[in-house]
Amino acid sequence: MKDGPTVEALFARFGPNYRWWVTLTALTGTISTILSSTIVVVALPDIVGALGMGHEEGQLLSTGFLAANTGFMLLNAWAVERFGFRRTYGFAISVFILSSILAGVATSTAVMVTCRVAQGAAAGLLQPLSMQVIFLVFPPERRGTAMGLFSFGVVMAPAIGPALGGFLVDEFSWHAVFFLSLPTAALGLLMSFFFMPGRLATGAARQFDWLGCALLAIAIGTLLSGLTDGQHDGWNSDRVVGQLAVALVATLAFLIWQGITPAPLMNLGVFRHGGFTAAALVAFIYGGAIFGSTYLLPLLVQIVQGYTPTRSGLIMMPGGLVVAFVFLMAGRMADFIPPWIPVCLGLGIFALSCWLMRLVGTDTPFWELAIWILIGRVGLGLTMPNMNVGAMRALPPALFGQGAGTINFCRMLGGAFGTNLIAVHLERQTQFHAETLGPLVDGGSTTLETRRLLENLYAQGGLSEVIRRDAAHDFMMRMVEAQAQMLGFRDAFLIVGILCLVAVLPGLTLRQKPPGYRQ
């Protein structure tokens, strides 16, 4: 694949509309890869069962994708500088298509996990590339609108992914979820030959930071493994303590090395700009909120309310449809008002949604729950375009490439952290509530009366005294487990809401005035 023409040559060929064609090209690939990150969520039980995976192996399908996605975002700046937009985009899409096909026909755990890691790596290369292209081809006064379009793709895909995945699993099989994105990915690859530019730099590209890449991979891998294993092996076990210690040492070594190497994987200079640092903090928490809530919601409605995979995906559809209009509005807002206003408003609205979710019960109506989810998606839709614009607006043009990769890295790192920590918190709180409620099965006047009623019903069915006593006790324990799970989900949503309110503090500092701002 050739380097490709310059941006100026493409504008001369296609005119002012070129900026929309290249944005559409970037978004086509980005949406295809991000869709794969969430569409697999509702298919995980079927995949784990079909391939005979254990708990840790099953969780690798999610954490492996997120870890690779996070790490490869920092490779984007070097790849674009070394190979250009067209080659980087084409390579990432090709890897994604190949790994999706192999995952769809996989018959072993090793192949499936490898394919998910490859999918995550492709998604990690493409997301910052899309932001970089948008800031390259749009003038400053129109970048907010364009960033709204980018954010539409990044968050719309997780919103509709579970619904599509649930439908495919119910109507076909888990294999189908890996083939859904192939047509759009192939379309993006074809469009890249026409609209993606080549290299921007004319001189020799900087050397690749192999040591930094290795340290980052070790840090992310051991940290996510430690968080995953800690709940099951014990936080004081030698294995978990060792993993977390290695993660800490690797993280410190990575930061030190990035500060002294002449060609860093992550240019720490972007954090010298206060507006970017504040946006990075918001992005980290934002990533934890959106990926954590996307992890919780399908489990909540399937475990607590007994929804099918299709129904559990459909409940997120209203929010996914409304968020499209919110992004367009939020993008326009970014061109005229300081970012802190919609960012803080959006975080507050999402926190409200989480507070409402802590009221969920087994009898919560479908549309009431769907409206609570919709409120949260409106908040996330207001936040993301303005968060990205605030981050990039704080940087000089020379740092746009590093800034795009780093802000996306922070968001995905927050997503990886958030998903793991929320999963741990959910399991711990469920266990805590089960231990609290368990003794009530054998005590209390209300509980004893319920058991007598159950035993009478079993007696009418002709069961012996011993069997009906055990059956009543077993039924009561299952009721306790269901109640404990519901309370655990409530606690998890409450934590997500509190974290969003914490993110308001750095969000208040995003006061860069847009070109179209009027006092």
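Helices here are DSSP runs of H or I with at least four residues, numbered from the N terminus. I am working on a predicted model.

**Nonpolar patch**

I looked for nonpolar surface first. I found a patch of about 680 Å², made by Leu352, Trp355, Leu359, Leu494, Ile495, Ile498, Leu499 and Val502. Next I asked which elements give two or more residues to the patch. They are α14, residues 340–357, and α18, residues 465–507. Helix α18 makes the largest share, with 5 residues.

I then checked Leu359, one of the patch residues. I placed Leu359 in the loop between α14 and α15, the latter spanning 366–393. Is Leu359 exposed or partly exposed? Its relative accessibility is 42%, so I log Leu359 as partly exposed. The exposed class would need over 50%.

**Asn69**

I moved on to helix α4, residues 55–73, which holds Asn69. Asn69 has a relative accessible area of 1%, so I count this residue as buried. The cut-off for buried is under 20%. What does Asn69 touch, leaving out residues up to four places away in sequence? I listed Gly120, Ala121, Ala123, Gly124, Gln127 and Met412.

**Helix α10**

I checked the span of α10 last. This helix covers residues 238–260, 23 residues in all. From first C-alpha to last, α10 reaches 33 Å. That is close to the 33 Å expected at 1.5 Å a residue. I also noted which α10 residues are buried. They are Val240, Gln243, Ala247, Ala250, Phe254 and Gln258.

How values were computed
Residues are numbered from 1 along each chain as its sequence is written. This is a predicted model: local features need pLDDT of at least 70, side-chain atom pairs count only at pLDDT 80 or more; totals for chains, interfaces and linings use all residues. Side-chain values use heavy atoms; hydrogens and water are left out. Patches are made of residues with over 30% relative accessible area and no salt bridge: like charges are joined within 9 Å, nonpolar side chains (Val, Leu, Ile, Met, Phe, Trp, Tyr) within 5 Å. Accessible areas come from the Shrake-Rupley method with a 1.4 Å probe; for residues, only the protein chains shown count as cover. A salt bridge is a side-chain nitrogen of Lys or Arg within 4 Å of a carboxyl oxygen of Asp or Glu. Buried means under 20% relative accessible area, exposed over 50%, partly exposed in between (1.4 Å probe, protein chains only). Contact means heavy atoms within 4.5 Å. The expected span of a helix is 1.5 Å times one less than its number of residues.
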